[in-house]
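Welcome! Take a moment to look over the sequence and the structure, and then we can walk through them together.

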Amino acid sequence: MADIRLNVNGKVKAITASPDTPLLWVLRDELALTGTKFGCGMGLCGACTVIANGEAIRSCSTTVAEVSGQKITTIEGLSADASHPVQKAWMAENVAQCGYCQAGQIMSAVVLLAKHPNPTDEDINEAMSGNLCRCGTYNRIRGAIHRAAEEV
Amino acid sequence: MAIIKVSRRDFVKISSTASAGLILGVSAPALGQKKKPTVLEVGPFIEIGTDGLVTVWVTKSDMGQGVRTALPMIVAEELDADWSRVRIRQAHYDRKFGAMGTGGSGSIRSMWKPLRQAGAAARSMLLTAAAAKFGADAATLTVKDGVVTDPKSKRTLTFARLAEPASKLEVPKDVKLKENADFKLIGKKVDRIDNRDIVTGKAKYGLDVRVPGMLYASILRSPAFGGKVARLDDTKAKSVPGVRHVVKIDSIGTDLPWNGVAVVADSTWAAMKGREALDVTWDAGAATAESTATLRKRLDEDVKSARSIHDAGNVDRAMSAPAKTIEATYELPYLAHATMEPLNAVASVTANGAELWLGTQFPNWVNSSVADALKLKSEQVKVNVMMLGGGFGRRANPDFALEAALVSKAVGAPVKVTWTREDDMQHDFYRPASHHHVRAGIDKDNKLVAWHHRFAAPSISAYFDSKSRKPWDSESGGLDDLPYAIENIGVDFALVPSVVPRGWWRSVEHSINSFVINSFLDEIARETGRDPIELQLSLLPAGKKMGTGDFPFEADRLRRVIEIVRDQSGWGGARAGEGRGRGFAAQWSFLSYAAQVAEVSMKDGEVQVERIICAVDCGTPVNPDGIRAQVEGAIVYGLSAALHEEITIEGGAVQQTNFHDFPLLRINEMPKVEVHIVPSNAAPTGVGEPGLPPVAPAVANAIFDVTGKRLRSLPFKLT
């Protein structure tokens with residue numbers, strides 16, 4: 001076990017964990033930030049996506065030791081009142097069905113829009129194809145990203 | 001045709017706690033009896049507070065199909081409530097709520113009448129209370145957005161003011177329901193009630209539950225089905241920091257088919273690491289002899305000795321001397337559900353009873369199986385229904401709840417059991433594999449006069465009840481009620497043994513049978529020089545009805561959805577370009593009517609599905625945007641299976657483990673999807689599943705259209 005400092009959603013948190021613990025389980029079990037989801041444990045589905053130093057990362061296969069000192073943003077850190085343009089677009093398009101993968105989708109989309117303010121469908125395919133949605137909301141995700149791009 | 005197909009024994013179990021007629025005749029409680037003294041309660045579904053908020057209890061599980069939005073819409077419509085002042089509460093398991101199981105695309109269909117009656121009864125009570133205040137005749141009053149108006153005096157009263165006096169009245173026995181033409185909310189696009197919680201990460205799924213003193217468990221289960229622990233060495237597991245207990249879990253029939261070893265720890269990660277450190281030898285006995293190769297051989301052989309389960313006309317005679325015979329064999333694999341949220345459950349078992357928190361489609365089944373396993377009374381088992389991160393039929397079974405209850409009891413603390421993706425992939429109740437041998441007889445006038453469908457499968461019913469007298473009853477839908485006007489229709493079935501657990505996969509047998517029927521109809525059309533849509537319409541005589549009861553099959557409704565996709569897709573016109581193909585399929589399932597045209601393109605030997613045009617008639621559309629979403633999702637679920645998904649068996653165990661070897665459709669493969677909803681005043685029918693069955697055959701037929709290659713096995717393999 002080790003003492004680790006994490007910068008999550010603008011706050012520094014001191015935790016004690018085995019350094020090989022995936023960031024996902026520290027967020028969920030230690031910090032009670034359960035908006036970030038577990039899906040596959042191998043970085044194959046994107047349900048656990050968070051932002052670290054501006055990049056979309058898979059928190060299920062990133063250890064806490066690796067991101068210590070980085071600026072981490074989870075879905076809870078986007079906005080608590082759903083006022084972020086991507087959150088608003090997601091609601092306007094009624095993207096979610098079961099909703100379980102959507103935190104990961106939204107975090108991937110936020111990073112995409114930061115890099116490509118007006119993404120093409122190809123840009124969207126590239127940035128979002130790591131995020132699975134079993135409910136099949138892909139076309140609404142695409143629509144919501146275009147909508148958010150207009151608003152940003 | 002049964003709408004929710006569960007084996008007889010389980011059906012009794014599931015439905016025995018259900019009661020009908022929940023609303024009317026139930027008196028509102030007298031003042032002071034309940035926590036909120038001045039609340040109007042109508043049956044188990046509606047509460048109206050003195051704050052004017054209307055609370056609707058949602059008694060069905062939401063796995064993405066949107067019932068937490070659509071069910072309260074039905075209440076609000078009859079009540080003339082202000083939608084912005086409607087709230088929901090998810091019902092925990094309680095007999096008073098009636099049948100709580102969610103499946104068979106039945107939530108709206110089954111709740112449509114009781115919720116309308118409850119809403120109308122509440123409205124009537126509020127009107128009676130208002131009439132007394134106004135000194136007016138209740139029949140002359142109007143209601144809009146939660147405000148009652150006396151047109152004569154122009155006085156108004158809100159539901160907030162009326163809840164208390166109305167709560168003293170008897171619930172009326174007879175209420176008048178609205179005409180469809182008077183609907184103000186039903187039929188409008190209404191945003192999902194959970195949108196805000198989902199996009200802010202606040203929505204609570206089973207995985208997000210945390211109760212005081214809770215421990216975390218990960219369970220290693222026998223890789224081969226039915227395997228038992230032969231030797232266990234947990235020394236290393238117990239030395240992992242944070243690990244507290246190692247507990248053996250024994251299977252309980254088909255409710256919990258898995259023997260396992262649970263590692264219980266202070267955190268999910270410690271439990272998973274401890275589980276990795278277990279050293280277990282399993283004994284699965286003869287089960288290890290089964291593989292996909294042995295199963296396919298058996299399916300191939302047994303389909304030849306299939307026995308008749310349905311014969312309308314005389315298929316043998318008709319097939320004995322037709323002018324032309326067409327035949328084909330189709331193969332479908334086992335499939336996993338792969339819900340995005342891996343299975344999980346929190347259980348707290350004490351001397352007094354058990355409480356569970358989980359995403360389940362059948363809280364009643366969880367209640368009864370946990371009560372049986374722990375020798376408790378039903379009343380001692382509380383089941384809290386959380387949001388479901390996908391269900392698709394997988395969350396029908398109570399196995400993951402039972403495990404949590406057994407582990408909690410063993411360690412004497414609340415426990416959350418979290419499945420890994422590998423656990424989920426390898427311990428599912430799979431869509432049955434099947435082989436189909438279909439023959440068609442064509443007479444001298446080029447008319448389809450005989451249809452002989454023989455198939456072999458390890459069935460769902462036979463898994464749950466080895467003595468089932470109709471082991472095909474969750475496989476034969478769409479076959480023994482094939483709605484086409486063909487003079488001779490015969491269906492033969494052979495039950496094939498398998499150690500693999502079977503269950504209900506979105507749209508159940510319709511996902512299988514629609515592929516065979518619509519592919520084969522396309523083959524017949526090509527062989528007889530007819531257009532596939534024209535052929536299918538010719539088999540659906542206008543005005544034809546089949547079956548009785550509230551929801552007979554109506555040929556006109558299937559014709560209509562077929563005509564819509566024909567016209568919207570430009571069927572018959574030129575293809576969209578070089579290397580483009582077009583295919584068609586239609587299926588009546590879960591009492592709804594769906595048709596699709598698929599457009600595909602071929603690039604470098606790879607198929608790209610470009611566009612799916614779908615029309616659906618599901619009766620009165622309650623929330624059209626929700627219907628559109630469900631049909632879009634069902635298309636993706638079916639397309640993903642058609643293009644990619646296959647579960648294979650070796651040594652009595654599933655070979656696939658995660659999304660690298662059980663790939664799902666991704667956004668870069670996503671076609672454009674158009675959904676056309678047929679306007680209707682008929683009672684609502686299924687929405688969650690009927691969009692799925694036509695997609696695989698529509699795409700297969702489109703691939704044939706462009707390549708001339710007939711794909712008779714799923715998933716598609718072009719080379």
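## A sheet in chain B

Let us begin with one pair of residues in this predicted model: B:Leu40 stands opposite B:Ile48, which belongs to S2(B). The strands involved, S1(B) and S2(B) (residues 46-48), pair in the antiparallel sense over 3 bridges.

Stepping back, the open sheet in chain B has 4 strands in the order S1-S2-S3-S4, with mixed pairing. S1 (40-42) and S4 (86-90) of chain B stand at the edges with a single partner strand each, so one side of each is left without a neighbour in the sheet. From one strand to the next, the twist averages 20°.

## Helices across the sheet

Helix H2 (residues 67-79) of chain B lies across S2, S3 (54-58) and S4 of chain B, running at about 135° to S3(B). Helix H4 (residues 159-167) of chain B lies across S1, S2 and S3 of chain B, at about 70° to S1(B).

## Where the chains meet

Now for the contact between the chains: 51 residues come from chain A and 64 residues from chain B. The area buried between them is about 4700 Å², and carbon and sulfur atoms give 55% of that. On the chain A side, A:Gln97, A:Arg134 and A:Tyr138 lose the most area to chain B, together 18% of what that side buries.

There are 6 salt bridges between chain A and chain B. B:Glu632 forms a salt bridge with A:Arg140, with the closest N and O atoms 2.9 Å apart. H7(A) gives the most to the side of chain A that touches chain B, with 5 residues. That side divides into 24 nonpolar, 17 polar and 10 charged residues.

Definitions and conventions: Residues numbered from 1 in each chain as written. Chains lettered and ligands numbered in written order. Predicted model: local features only at pLDDT ≥ 70, side-chain atom pairs only at ≥ 80, totals over all residues. Heavy atoms only, no water. Contact = heavy atoms within 4.5 Å. Buried area = accessible area lost by both parts, 1.4 Å probe. Salt bridge = Lys/Arg side-chain N within 4 Å of Asp/Glu carboxyl O. Helix = DSSP H or I, 4+ residues; strand = E, 2+ residues; numbered from the N terminus. Nonpolar A, V, L, I, M, F, W, Y, C, P; charged D, E, K, R; others polar. Pairing = 2+ DSSP bridges. Axes fitted to C-alpha atoms, helices over the stretch in contact; angles between N-to-C directions.
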